[in-house]
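Okay, everyone, thanks for coming. Let me put this one up on the screen, and then we'll walk through it together.

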Amino acid sequence: MKRAALALLMLCFPLLSQESAPVLSGVQAEIAGRDGVKALREGKAEEALRLLELARSYDERNPYISYDIARAATATGDS
């Protein structure tokens with residue numbers, strides 16, 4: 001019985017993941033963005049820039065991420 005349930009779940013998972021992909025991208029962008037801002041506050045500008053670029057790869061239309069990338073780039077001297 002467990003194998004049948006697992007097989008059914010494995011068959012349905014691609015369908016579930018396609019529907020939830022935009023939601024997961026937004027969540028991943030939010031997490032990476034928050035970590036990037038935290039790193040920037042701690043004075044780790046290069047790490048912040050890396051994390052914020054990752055966040056932008058998940059959500060390219062978020063203006064707050066672009067603003068924070070500009071702040072991090074300025075802090076690294078790469079403006």
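So, what pattern does the chain follow, read along the sequence? It goes α-α-α, with three helices and zero strands; helices here are DSSP runs of H or I, at least four residues, strands are E runs of at least two, and both are numbered from the N terminus.

Quick housekeeping. This is a predicted model, where local features need pLDDT of at least 70 and side-chain atom pairs count only at pLDDT 80 or more, while totals for chains, interfaces and linings use all residues. Residues are numbered from 1 along each chain as its sequence is written, and side-chain values use heavy atoms, with hydrogens and water left out.

Of the 79 residues, 24% count as buried. Buried is under 20% relative accessible area, exposed is over 50%, and partly exposed is in between, using a 1.4 Å probe and protein chains only.

Now look at H3, residues 63-76. Ile65, Asp68, Ile69, Ala72 and Ala73 are buried there. Looking down the axis of H3, those buried residues fall within an arc of 140°, so they line one face; the arc is taken from the directions from the helix axis to the C-beta atoms. The face turned away from that buried side carries exposed Pro63, Tyr64, Tyr67 and Thr74.

And the ends? Asn62 caps the N-terminal end of H3, with a side-chain oxygen 2.8 Å from the backbone nitrogen of Tyr64. Just after H3, Gly77 takes a positive phi of about 85°.

Last stop: Glu47 sits in helix H2, residues 45-58, and is partly exposed at 35% relative accessible area.

Definitions and conventions
The expected span of a helix is 1.5 Å times one less than its number of residues. A polar contact is a pair of N or O atoms within 3.5 Å; within protein, one must be able to donate a hydrogen and the other to accept it, and residues adjacent in sequence count only if both atoms are side-chain atoms.
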